[in-house]
Amino acid sequence: MLHQQPPRPHSQPQHSYVTPGAFAESALYSGLQEGELTDWDLLARVRYAVYRPGGPMALELAKNPTVLIVNDTAFAHGGLLPVHANYGIEKLNADVAAWMRADTTPDGGKAAPPFLAMGDSSSVMWNRTQSKEHFPSPNERYTSCRMLSQALEKIGATRLVVGHTPQLSGANCECEGQVWRLDVGMSYGVLNRPVQVLEITRDKDGKDTMAVLSEGGECLASYDEDGLPL
């Protein structure tokens, strides 16, 4: 399981993304009784205690990567830029884990939230450079695909799989198959769309075949901008 943007609001004291059910879940996990679930200030404090750096759930989440590479496929929630690859995937993952564990730094402080992972719209978790369903212009498409190609080359991967940005037309790929966008908005709170998954099949010669499988067993072909199957 990858980290996505929720570790930021969960592990820092603001809860704008949290549903009432999630507040209740954290409270019950912490030992509160059902009769105490109407005190929203208490629920917010309890949830922060669970997910704050060093908290029990943060310690569990710290075991997960922010960027995962399996064979030659990279996975990241938002996107991957050359600056992330140059920094180092293992170091970036380690920095996020250190922050979530509330590790002590050499100067006696606590590990800070790593900026490259979650700091702004160019970070791994919040970046939409490669997950936009439609590039506004050919120039932006060229620039985005070029940066992706450079990042993939640096980490030794062939393709990147991202989420973060719901795709109204369903799962798709861009940049000549170098990025696959898999956020189809299946959550009831987003688009309530059918589940779709990316199946990666490797043959005996090491060649990968990509297929998007839709809920109900339907297999969807993937096309580039000119309508040609990839």
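The entries below record what I looked up, item by item.

**Conventions.** I worked on a predicted model, in which local features need pLDDT of at least 70, side-chain atom pairs count only at pLDDT 80 or more, and totals for chains, interfaces and linings use all residues. Residues are numbered from 1 along each chain as its sequence is written, and side-chain values use heavy atoms, with hydrogens and water left out. I took helices (H or I, at least four residues) and strands (E, at least two) as DSSP runs, numbered from the N terminus.

**Sheet.** I looked up the strand order and found an open sheet of five strands, β1-β2-β3-β5-β4, with mixed pairing; two strands pair if DSSP finds at least two bridges between them. The edges are β1 (67-70) and β4 (172-174), each with a single partner strand, so one side of each lacks a neighbour in the sheet. I noted an average twist of 25° from one strand to the next. Angles run from 0 to 180 degrees between N-to-C directions, and axes are lines fitted to C-alpha atoms, for helices over the stretch in contact.

I then followed β4 to β5 (residues 179-181): the two run antiparallel and are joined by three bridges. Asn172 has Arg181 of β5 as its bridge partner. Helix α8 (residues 138-155) packs on this sheet and touches β1, β2 (73-76), β3 (159-162), β4 and β5; contact means heavy atoms within 4.5 Å. The direction of α8 makes about 110° with that of β3.

**Ser169.** I located Ser169 in the loop between β3 and β4. Is Ser169 buried or exposed? Ser169 is exposed, with a relative accessible area of 54%; the classes are buried under 20%, exposed over 50% and partly exposed in between (1.4 Å probe, protein chains only). Leaving aside neighbours within four places in sequence, I found Ser169 in contact with Glu133 and Arg193.

**Helix α3.** I recorded 12 residues for α3 (residues 40-51) and a reach of 16 Å from its first C-alpha to its last, close to the 16 Å expected at 1.5 Å a residue; the expected span is 1.5 Å times one less than the number of residues. I listed Leu43, Val46, Arg47, Val50 and Tyr51 as its buried residues. Seen down the axis of α3, these fall within an arc of 120°, so they line one face of the helix; the arc is that of the directions from the helix axis to the C-beta atoms. Asp41 and Arg45 are exposed on the other side of α3.
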